[in-house]
Amino acid sequence: MWTAITREVSPALAACELSFVPRAPIDVGRAQAQHDAYCAVLESLGCGVIRLPAEPALPDSVFVEDVALAFDEVAVATRPGAESRRDEGHAVLEVLGSVRRILRIEAPGTLDGGDVLRIGKRVFVGISARSNAAGREQLRVLLAPFGYTVEGVATRDCLHLKSAVTQVADDVVLVNPAWVDVAAFADYRMLEVDPAEEHAANAVRIGDVLVYPDCFPRTLERLRAAGIQVATVDVSELQKAEGAVTCCSVLLKAGPVG
């Protein structure tokens, strides 16, 4: 049984932080409807969805993945690279703390959850503007007792590591090679996004099904041709805030507090 921690869209979403996409008008009502549909898809795939209330003073707070990491044994409170986002974690961590022991990234470390990709016991961390070497090293130390390894991966021209690569099957990653050092993923089969769809590498895997944006039809065709089952969602308004499907939930399986 999966649990997905989510949070409603802030009415201040249009004031979000942006780094690699141009600012465009955001229809907050439509963004909320898209978020509702996203949560409904998670529920249809067997997730118990926890929906935290919106945070009117925190524009980016719908993107809960960036403030917390959930592992089988523990959870980690990140320290986001954007200072404006450092008050977003309290409610998310309150929920996580009921089912996991909470560890923390401390200053001067910074770490965004969007930069962290776990595949089994390997944890890949993007070398990005939002996650620094101190944060990456702290994560390595925190997770080492549980058998995880932590590897830095160079990114370019994108916000987070998971903008450029996500796991889409047991041994397959979906990757935009223009944005990430693919050598780090040589042990996996790499499925490249269509070159015309540079933002198409972000997907959420729930069991054997991907939750995936409906606006990348060419890459979607590649995923289905590879035998991967996909449930599509419209997240176009959230994408204007530099969001994606991974960042709208913190996913974890049931387990005791460690």
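This is a predicted model: local features need pLDDT of at least 70, side-chain atom pairs count only at pLDDT 80 or more; totals for chains, interfaces and linings use all residues.

Guide: Let us begin with a term: helices (H or I, at least four residues) and strands (E, at least two) are DSSP runs, numbered from the N terminus. Residues are numbered from 1 along each chain as its sequence is written, and side-chain values use heavy atoms, with hydrogens and water left out.

Visitor: Okay, and is Asn176 buried or exposed?

Guide: Asn176 counts as buried, because its relative accessibility is 6%, and buried means under 20% relative accessible area, exposed over 50%, and partly exposed in between (1.4 Å probe, protein chains only).

Visitor: What does Asn176 touch, not counting residues up to four places away in sequence?

Guide: Setting those neighbours aside, Asn176 touches Ala164, Val193, Glu198 and Ala201, where contact means heavy atoms within 4.5 Å.

Visitor: Let's zoom out. How many helices and strands does the protein chain have?

Guide: The protein chain has six helices and 15 strands. Its radius of gyration is 17 Å, close to the 18 Å that the globule rule gives for 258 residues, so the chain is as compact as a globular protein of that length. The radius is taken over C-alpha atoms, and the rule is 2.2 Å times the number of residues to the power 0.38. Along the principal axes, the C-alpha trace of the protein chain spans about 40 × 40 × 35 Å.

Visitor: And what share of the residues is buried?

Guide: Buried residues make up 53% of the 258 residues in the protein chain. Among contacts with a separation of 6 or more, 69% are accounted for by residues 24 or more positions apart.

Visitor: Which strand pairs with E10 in the antiparallel sense?

Guide: That is strand E9 (residues 165-169), which pairs with E10 over four bridges; two strands pair if DSSP finds at least two bridges between them. The bridge partner of Val165 in E10 is Val175, and that of Thr166 is Leu174. A hairpin of two residues joins E9 to E10.

Visitor: Why is E9 said to be largely enclosed?

Guide: Five of the five residues of E9 are buried, so the strand is largely enclosed by the rest of the structure.

Visitor: What about the parallel pairing, which strand takes part with E10?

Guide: Strand E11 (residues 189-192) pairs with E10 in the parallel sense over four bridges, and Met190 in E11 is the bridge partner of Val173.

Visitor: Switching topic: where is Leu103 found?

Guide: Leu103 is found in strand E5 (residues 101-104), and it is buried, with a relative accessible area of 12%. Leaving aside its neighbours within four places in sequence, Leu103 is in contact with Val74, Ala75, Val76, Ala77, Leu142 and Phe146. Although Leu103 and Ala75 are 28 residues apart along the chain, their C-alpha atoms are separated by 6.1 Å.

Visitor: Which residues does a cis peptide bond join?

Guide: A cis peptide bond joins Ala107 and Pro108, with omega at about 10°, and Pro108 lies in the loop between E5 and strand E6 (116-119).

Visitor: One last thing, what is the phi of Asp157, and what about Glu242?

Guide: Asp157 has a positive phi of about 60° although it is not a glycine, and Glu242, also not a glycine, has a positive phi of about 65°. Asp157 is in the loop between strand E8 (149-154) and helix H4 (161-164), whereas Glu242 is in the loop between helix H6 (236-239) and strand E15 (250-253). Asp157 counts as exposed at 54% relative accessibility, while Glu242 is buried, with a relative accessible area of 15%.
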